[in-house]
Every structure is written in C-alpha cells, then in structure tokens.
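This report walks through one protein, beginning with the whole chain and then turning to its strands. Please keep the sequence and the structure in view while reading.

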Amino acid sequence: MKLHEYQAKELLARYGLPVAGGYVATTPEEAVQAAQKIDPTDQGPWVLKAQVHAGGRGKAGGVKLAKSLEEVRQLASHMIGMKLVTPQTGPQGKIVHKIYVTGDAFYPGPSAIREFYVSLTLDRATGRDVLIASAEGGVDIEEVAATRPEAILKLYLNPAVGLMPFQARQVAYKLGLSGEAFKNAVQFLLTLYRAYDALDASLLEINPMLKTSDDKILALDAKLDIEDNALAVRHRELESWRDTLEEDPLETEAREASLSYVKLDGNVGCMVNGAGLAMATMDIIKLAGGWPANFLDVGGGANVERIAKAFQILLKDPNVRVILINIFGGIVQCDRVANGILQAYKQIGHIPVPMVVRLQGTNADLAAQILRESGLPLIPAVELWEAAQKVQQALNQASTAR
C-alpha cells in the first residue's frame, strides 16, 4: 500500500524522525488556513506540494512556492484538480485531489543548507534490506543514478541485526558530514531504519534529507510503501489510510473481493490459481507472441463466486481481446472448477471475447468432459504451450475480424 507524503511523515514522526511538517488541504480555503497555521504572521513563504502516488512532482509542476496568502489561494486553485504528468505516472497522468502545505525549509536560503538522498528497500536478488544513500539528493537523483552510479552508496543489511550504529556512522561519513550534523545524521539513519522495520515497509525513501544551516537533519519529503501482507494482521489501523482514488479501480475492486490482481497493458486476460503459475502463464503468453493484460490469482479455493467476480473484472478491461483460464487442480478439483466456470458463464451472460480453458490436475478428464458437453464456445487446451498458441490464434482471428 502506497502512502502520501503527509501520511508518511505523520508515521515517521511517531518514531521520532525529524520531519518538515505541514497540513493537507483539499480546497483553496483549506490551503490558506493551513498556511496561516504554519505562519500566523501571514508572511510566508510556503510550499504547496501535490499529493499523488508518483515521484518527479517538482519538475512536473507539482511543487510550487507561494510568497503570500493570495498566492497560496491561486496556486491551490490551479493545483487541486489538475492532471499531473511525471515520468512515473505515464502519459495518462494522475489527478491531484490533495495538496500538502508546508513552510519553506530553505528560506531565507543560507549556503550551509545541503540536500541528500537516503532510502531503504528490499533487494530481492540478495534477500536483504539495502540502505541507499547519496550526497547528491534532490530532483535530479534519477539522473545521478543513471549517469554517475559511483555517486550512489549501497549498504546491504544483515536481517538478523538490521542497521548497526557503526554502519550508520560509515554512511554519514561518506556523505561528507561532520560535527553536530554527523551526529544528527547517524541518529536520523538509525531512527529511519527502526521505522522501516517496524512498519513492514517495502520502500522508505527520503528525498531530500536536509541538513539545515544549524546542522539539524530532517526529512523534507518522504515516500512510504507498506507491504500489503502485513496490513491484515500487524497494521490493521493503517488500512483506512489507503487512498483508492490513487489506485486503479479494477485493482481496488479485486482486492475487496480478495483476489490478487494487477492490471497490465496487454490484451490477454489471465485467470490462474497460484502466483507462480500465474507468472509462468504470463511468460508463456508473451513467448507465444501475446501480451498479458493482467496478473490474476484466484487462489487455491476457487469457487463459483470468485470465478464469476474474476470474469467481471477481466471483462471491464476494454483492452482484453482473449481470456485464458489456466487452473491446476490440486487443493481444488478440476471438475468443480469446470462447473464453476459454467455457472459463472451463465451468471454473467454473453462473454464477448474468445476463452481458452486449460484445467489440469485432479479430475481433469471429468472437467474436460463437462466443458465439452456444455455447448459453450470454449477453446480447450491440455498443455500450457498449446494454450498459449491457441490464445495467439484467437488474437490473430480477432484482429482479422476487426
């Protein structure tokens, strides 16, 4: 689950991490009120930051400086409701529903201020958390990583002990800090890791981590992603923080139905049981010349209701031209899945795209007979490669018909 900057900062502050705080606003009036709370003298300046689940906001016009309350009102009126397009949103962009009003941490801009980059995430190749840092933080960090990777420091952490104080000191030293700033940075890094670990985060990024003119270290921005699997048990209170306006509507609908679904850009709708089988199915579709439209795992206990809901979600994607059902009957028997497909088919009514069905495992022969005798326009397959080829044939026929 992705969190907005203002949500991430609220959580990090609970763990004692110094953050540049502010107030969230959904209307221009709320933005003005937020600015007045930050500076009761109404002198400013203030920074208005679009709250969307994407990086690169600054270069895309999603971060603005206001030097008066009237300018706060004008900028908020422009930003709320705008479509923000960044390299991470794609050309479709994201609509800004909220902005975050903060004080200008750079004002009046002493030369002693410096920006750094620091993040924590899981490196799946090594199975370890990794701390990534750079002395060149800010809006150009992606360019720094691409053109000068030597400027990026990576520190892999032992999962048994996490980030140790000596490692935090090493990072602060390599960032070029000294004196009081060095001490504060060490404490900042240790607190950051403690929050990352306690929150079961998959990503915690601070860009920039700011050193002020008086050698304080604070988070000027924050990006926090929490592992979905931890929400159900360890962080139930955070589930209400989810912003469904920032998510794909089909992914939201699938999650509410307890289906694992990720929308992709292809044209082959996939319905599979088991995450590993789903990944293999997507790979072989691509190998045969198709392009998966989604990842969809209906789980080991696939029943009529789940199959019917999965159909509905697949058919709501206008890009889907063919559906491939690939079920392995282990926990669930294939004949039950076949009957579930037929009942779901009847519940939904006409399905306007070809459907390739591969059921293997327990009672696969009985399942094949059920589908064969159903009279429905299903395309059976036995082997997975055969199923992928039949999907591609159906795609070619659909293209010719169009």
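The protein contains 13 helices and 19 strands, where helices (H or I, at least four residues) and strands (E, at least two) are DSSP runs, numbered from the N terminus. This is a predicted model, in which local features need pLDDT of at least 70 and side-chain atom pairs count only at pLDDT 80 or more, while totals for chains, interfaces and linings use all residues. Residues are numbered from 1 along each chain as its sequence is written, and side-chain values use heavy atoms, with hydrogens and water left out.

Taken along the principal axes, the box filled by the C-alpha atoms is roughly 80 × 50 × 40 Å. Of the 402 residues in the protein, 49% are buried, a word that here means under 20% relative accessible area, with a 1.4 Å probe and protein chains only.

**An open sheet**

Strands of a sheet pair through backbone hydrogen bonds, either parallel or antiparallel. In this protein, four strands in the order S2-S7-S3-S4 form an open sheet with antiparallel pairing; two strands count as paired if DSSP finds at least two bridges between them. Strand S2 (22–25) and strand S4 (63–66) are the edge strands, each pairing on one side only. From one strand to the next, the twist averages 25°. Within the sheet, glycine 22 has threonine 102 in S7 as its bridge partner.

Helix H2 (residues 28–38) lies across S2, strand S3 (46–50) and S7, and it runs at about 20° to S7; such angles run from 0 to 180 degrees between N-to-C directions, the axes being lines fitted to C-alpha atoms, for helices over the stretch in contact, and contact means heavy atoms within 4.5 Å.

Strand S9 (residues 128–134) is mostly covered, since six of its seven residues are buried. S8 and S9 form a hairpin with four residues between them, and in the turn glycine 127 has a positive phi of about 70°. Alanine 133 in S9 stands opposite valine 118, and alanine 133 also stands opposite leucine 153 in S10.

| Strands | Residue range | Bridges |
|---|---|---|
| S2 and S7 | S7: residues 99–103 | four bridges |
| S8 and S9 | S8: residues 114–123 | seven bridges |
| S9 and S10 | S10: residues 153–156 | four bridges |

How values were computed. Buried means under 20% relative accessible area, exposed over 50%, partly exposed in between (1.4 Å probe, protein chains only).
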